[in-house]
Amino acid sequence: MAAGFLPRGLSPGPYLLDALLLEKNSQKNLPKLRELVHCMQPRQYTIFLLLEGRYEEAVQCDPCGFVLLQAGSNQCTKGEYAAALRLLERAWQQSAEEANLRLMILAKTMLGNTYSELQDWQQMDRCYQAALRMLEEVNQPWTEEYISSIHYNVGATLLERQQYAQGWQQLSQCTRQDGL
């Protein structure tokens with residue numbers, strides 16, 4: 001590997017590719033990382049595919065909960081809600097099999113967001129309530145942001161539906177500091 005490729009402070013070693021793939025500005029490293037694809041282990045290649053926006057290939061390479069969640073979130077962002085729901089349901093199931101509670105919570109929250117976009121309020125509420133139950137059961141410092149985010153999403157949705165009293169009730173439970 002050429003010395004000019006290495007960011008300051010990194011030296012060649014077994015975790016160099018991990019560091020390059022996971023660093024904050026990894027997108028800027030993509031051209032250089034393409035040269036190293038032949039050196040990547042399958043999990044590294046999967047992260048590389050996600051960085052390049054090649055979600056379907058990433059799911060084929062490693063259909064773990066994290067990859068399915070990323071692919072489902074991407075589909076939701078693109079407005080491909082049916083595909084998003086399929087991927088997010090798989091992310092939920094796979095994350096449960098992996099016993100990864102955070103990913104389970106994120107998958108349920110993203111499912112709620114997707115159902116909100118589809119204006120399926122019943123399913124949205126069901127997903128958000130499931131996520132809130134898991135979060136309340138865990139009761140760890142990191143859960144507060146997730147709980148607040150769900151209350152914000154529900155509150156904003158209720159305001160859009162002109163259900164002002166219920167919307168403000170949800171928003172009053174937020175600890176998020178947004179312009180709203």
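Predicted model: local features only at pLDDT ≥ 70, side-chain atom pairs only at ≥ 80, totals over all residues.

Biologist: Fine. At what angle do H5 and H6 cross, and within what distance do their axes come?
Modeller: They cross at roughly 160°, and the axes come within 8 Å. H5 and H6 are therefore roughly antiparallel to each other.

Biologist: What hand is the crossing of H5 and H6?
Modeller: Left-handed.

Biologist: Which residues in H5 meet which in H6?
Modeller: From H5 you have Gly65, Leu68, Leu69, Ala71, Gly72, Ser73, Gln75 and Cys76. They meet Tyr81, Ala83, Ala84, Leu87, Leu88, Arg90, Ala91, Gln94 and Ser95 in H6. By class, that contact has ten nonpolar, six polar and one charged residues.

Biologist: Moving along the chain. How do H7 and H8 pack?
Modeller: H7 covers residues 101-117. It packs with H8 at an angle of about 160°, the axes being 8 Å apart. That is why H7 and H8 count as roughly antiparallel. H7 passes H8 in a left-handed crossing.

Biologist: Now H8 and H9. What angle, and how far apart are the axes?
Modeller: About 160°, with the axes 10 Å apart. H8 runs over residues 121-138 and H9 over residues 143-160. This pair is therefore roughly antiparallel as well. The crossing of H8 and H9 is left-handed.

Biologist: What makes the contact between H8 and H9?
Modeller: H8 brings Trp121, Met124, Tyr128, Ala131, Leu132, Leu135 and Val138. H9 brings Thr143, Tyr146, Ile147, Ile150, His151, Asn153, Val154 and Thr157.

Biologist: How many of those residues are nonpolar, polar and charged?
Modeller: Eleven nonpolar, four polar and no charged.

Biologist: Switching to pockets. What's the volume of the largest pocket?
Modeller: About 190 Å³.

Biologist: Which residues line the largest pocket?
Modeller: Gly53, Arg54, Tyr55, Glu56, Val59, Gln60, Ala71, Asn74, Gln75, Lys78, Ala83 and Leu87.

Biologist: Which elements give two or more residues to that lining?
Modeller: Helix H4 (55-61), helix H5 (65-77) and helix H6 (81-97).

Biologist: Which one gives the most?
Modeller: H4, with four residues.

Biologist: How does the lining divide by class?
Modeller: Five nonpolar, four polar and three charged.

Definitions and conventions
Residues numbered from 1 in each chain as written. Heavy atoms only, no water. 1 Å grid on protein atoms, 1.4 Å probe; cavity = no way out; pocket = protein on both sides within 12 Å on 5 of 7 lines; lining within 4 Å. Points joined across faces, edges and corners; volume = space filled by probe spheres on them. Nonpolar A, V, L, I, M, F, W, Y, C, P; charged D, E, K, R; others polar. Axes fitted to C-alpha atoms, helices over the stretch in contact; angles between N-to-C directions. Parallel < 35°, antiparallel > 145°, perpendicular 65-115°, else oblique. Left-handed = near helix turned anticlockwise from the far one by under 90°. Contact = heavy atoms within 4.5 Å.
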